Amino acid sequence: MAALAVLGSLQVARGAGSGPGEPPLQPYPPGQHGPRHGHRHVRDCQPVKYGNLTHEAWPGDNSTGGPVAVTRTFVSYVHPEGSERKAIYGHFTFVRNPLSTFSVLEPGGAGGCRAQRRATVEETAKLRKCLVAQNGGYFNMETGECLGNVVSDGRLVRDSGGLQNAQFGIRKDGTMVFGYLSEEDVLDQSNPFVQLVSGVVWLLRDGELYINQSRAAECGDTQSTGTFDRFINVISARTAVGHDRQGRLVLVHVDGQTESRGVSLWEMAEFLKQQGVINAINLDGGGSATLVLNGTLANYPSEHCSFDSMWRCPRSISTVVCVHEPGCDPPDCSGHGLCEAGRCRCDSPFWAGPACDTLDCGPANCSLRGVCSAAGCLCDAGWTGSNCTEACAPGSFGQSCSQRCRCQHGSFCDPVHGACSCPAGFYGTSCEHECPLGWFGPSCRSRCACDHSCPCDPETGSCNISHHGALQELLHRAGQCLASQEKSKDKFLLSESSWLSLSSALALLLVLSALGNVGLLLQGRWRQHRDYRYLPLRDINGDSPHSPTSAAWDHEDVQEPEDTKKPNQEFL
């Protein structure tokens, strides 16, 4: 029945003649936003009591106990005792620690103003997980362009160039600022704005209504149907941002519909003053006024839905003011933790600091023998332990003593590099080899000095040793072999004196032989030089009648031709 009652009331409202849309609530003519004059005009025209200061600053609340925000629903009466008495309803939201819990968001997320994007408050609020979200600054209804100054989470999204409209911002030190800002104020980096949004009309200044002064500061040069006065005086849905004396941020939303229900800016300012608000500016309202709590629409929008004018739908708007769980700086806690209630919970016991960006391995700081890491101390080579106070145990070496030594025969392993220092009697990379025969000492660098080239003790070099069985048998066989070879050689060996005598005799024979040869040579040469002549044998041997030989020779002498006879012919 309740559902039917609600439906019936909606039908009555539709039957009452509510159109498909409502008159636009705009402070300036189409195509124009903000006055033509600059900041100096605002400063010179404001009341003298404020001097040259055109804005108010208030320290923001920084408490951390209790909920981030409290939203209260109200139904109140304005002009409660007069004939103009009327009921208004809406919501107040009181926000703690606004520096960490409040943000100005671009429509549809980062880059929305540059893209001239429009989105509902619900869509933008879900991206940031807003606990409370309201519409924010003004925008061009035709193009979607964001208007005024916009700073979102420390990023300057839009600079209005000194446009003089009411501003609300939070500086880096947590100070809340309300009022009119020069371009130098907006761009100041000594204490920069981390959040900034532009409204229209400064409602309350230091607890007093400031609408007339705002009209002089913000009114344009020309007015049309959307004149500044009408914008101030017409009743409509309104939104505002302000603060109380505790430094809590106050977001206010009043339901309404332009010219039908809601409040004027005079009524809005008076109502905020009664609730203890000190400074406040007016944000976009009318059909843009939207409140979302925990991702759910919580107000009655004045825009009719495009698919059926019987229903009301939220308008797609520009910037959004958002209350969220406290943020961390940086939001991802440097990649080493999770942001919970504005504080980084580091995911390692060795990451510390508000941003989880500092490695802390305790006061010992790894005893200056290692490096602190997310897993603890990474000890230098040769050291281990939670604070790198323990030297490597025998058999291990390297960083944090994580490697095993390969040294053999009880050799020493360097705890830093793992190099093996071999004991006497062994050598090799891992001291795996015993000294070869004839060598001894550390790394087998010394030669044995035993008689007859006998091997020595590989450790001490002592010649008085008894070798192990296999080596002893090998040496015994080698000795027998050498002994047999020596005996064979003795059968044919001569003594030194014998060799000397034999060599002397042979040398003498060689000398005599040489002398004989020289004599024969000389004799032969003498015979070659004798004068040989032909003489008949009878002249030599004498005349003999019985000699046949002589007769023969006589015959030959008679027969010999004359031309063959040559006196003094030699015969060799």
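**Labels and their cut-offs**

Reply: At 31% relative accessibility, Cys-339 counts as partly exposed. Before we go on: this is a predicted model, where local features need pLDDT of at least 70, side-chain atom pairs count only at pLDDT 80 or more, and totals for chains, interfaces and linings use all residues. Residues are numbered from 1 along each chain as its sequence is written, and side-chain values use heavy atoms, with hydrogens and water left out.

Me: Why is Cys-339 called partly exposed?

Reply: Buried means under 20% relative accessible area, exposed means over 50%, and partly exposed is in between (1.4 Å probe, protein chains only). Cys-339 has 31%, so partly exposed is its label.

Me: What makes Cys-328 buried?

Reply: Its relative accessible area is 10%. That is under 20%, so Cys-328 is buried.

Me: How do you know that a disulfide joins Cys-328 to Cys-339?

Reply: A disulfide is a pair of cysteine sulfur atoms within 2.5 Å. Here S to S is 2.1 Å, so the pair qualifies. Cys-328 lies in the loop between β18 and β19 (337-340), and Cys-339 in strand β19, so the pair ties together parts that are eleven residues apart in sequence. Strands (E, at least two residues) and helices (H or I, at least four) are DSSP runs, numbered from the N terminus.

Me: Why is the disulfide of Cys-113 and Cys-146 called left-handed?

Reply: The torsion about its S-S bond is about -90°, so it is left-handed. By contrast, the link of Cys-328 and Cys-339 has 90° and is right-handed.

Me: What makes Cys-454 a cysteine in no disulfide?

Reply: The nearest cysteine sulfur, that of Cys-450, is 6.6 Å away. A disulfide needs sulfur atoms within 2.5 Å, so Cys-454 has no partner.

Me: What makes the buried residues of helix α4 line one face?

Reply: The buried residues of α4 (residues 121-128) are Val-121, Thr-124 and Ala-125. Seen down the helix axis, they fall within an arc of 100°, so they line one face. The arc is that of the directions from the helix axis to the C-beta atoms. On the other side, Lys-126 and Leu-127 are exposed.

Me: Why is Thr-290 called buried, and what does it touch?

Reply: Thr-290 has a relative accessible area of 1%, under the 20% limit, so it is buried. Contact means heavy atoms within 4.5 Å. Among the residues that Thr-290 touches are Val-121, His-253 and Pro-314.

Key
Lists of a residue's contacts leave out its neighbours within four places in sequence.
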